[in-house]
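User: Could you take me through one part of this model up close? I'd like to follow a pair of strands, the sheet around them and the pocket beside them.

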Amino acid sequence: MSRRAAALAGTIAAAAFAVAGCSADDEPSTKAPATYTSVPAPAMPSSSAPSSSEANAPGNGGATGEQPNVKRGAQTGEAGVDVLVTVAYQGGKVTPPAGVVDVKVGNKVKIIVSSDQPQNVDVQDQPDKSGDVSSKKPEDIDWTVTKPGDTKVTLREAGALLVTVHAS
């Protein structure tokens, strides 16, 4: 009877390893863990005001999600502007720190830049969209997004990245 018990115990142990998918030569994975990727918020027509549930949804500038310096749709307070971004350069730092703002192709984007020193604001791949900002007057630059991809807005003299506009 002890041989039966030993055989039964061996069978149970083998079944447990088979079910668990374990074997003596399994090694820990060396793959990097999956990373989180954000999904761009849908663009809202500038003529429609978001409901309270839309305003608090991620990516719409509500309590969760997007940066507080980004406004969308009717929240911009400007007719025809779909996305409004406000950024400052003071003491050699960008405030808030440079981030990515998701937009849709066809959106009109407006960036308002203030600085404690004279700078030239440059919009990548938009040669006619640049301007000078001084410590006395903010500069605003706007354009309509015509193609998907990333557009970097920088300060030429400081070499500082202000924001990356990602269009899909």
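Analyst: Strands here are DSSP runs of E with at least two residues, and helices are runs of H or I with at least four, numbered from the N terminus. The strands in question are strand 6 (residues 119-123) and strand 9 (residues 149-155), which pair in the antiparallel sense over three bridges. To count as a pair, two strands need at least two bridges found by DSSP.

A word on where this comes from: the model is predicted, with local features needing pLDDT of at least 70 and side-chain atom pairs counting only at pLDDT 80 or more, while totals for chains, interfaces and linings use all residues. Residues are numbered from 1 along each chain as its sequence is written, and side-chain values use heavy atoms, with hydrogens and water left out.

Five strands form an open sheet with mixed pairing, in the order 4-10-9-6-7. At its edges are strand 4 (100-103) and strand 7 (130-133), each pairing on one side only. From one strand to the next, the twist averages 20 degrees; the angles run from 0 to 180 degrees between N-to-C directions, using axes fitted as lines to C-alpha atoms, for helices over the stretch in contact.

On a 1 Å grid over the protein atoms alone, a pocket is an open set of points with protein on both sides within 12 Å along at least five of seven lines, whereas a cavity is a set where a 1.4 Å probe fits but cannot get out; lining residues have an atom within 4 Å of a point. The second largest pocket has a volume of about 150 Å³, meaning the space filled by probe spheres set on the points, which are joined across faces, edges and corners.

Which strand gives the most to the lining of this second largest pocket? Strand 9 does, with three residues, and strand 10 also supplies at least two. Among the lining residues are D125, W143, K147, D150, T151 and V165. By class, the lining has five nonpolar, four polar and three charged residues. Here Ala, Val, Leu, Ile, Met, Phe, Trp, Tyr, Cys and Pro count as nonpolar, Asp, Glu, Lys and Arg as charged, and the others, Gly among them, as polar.
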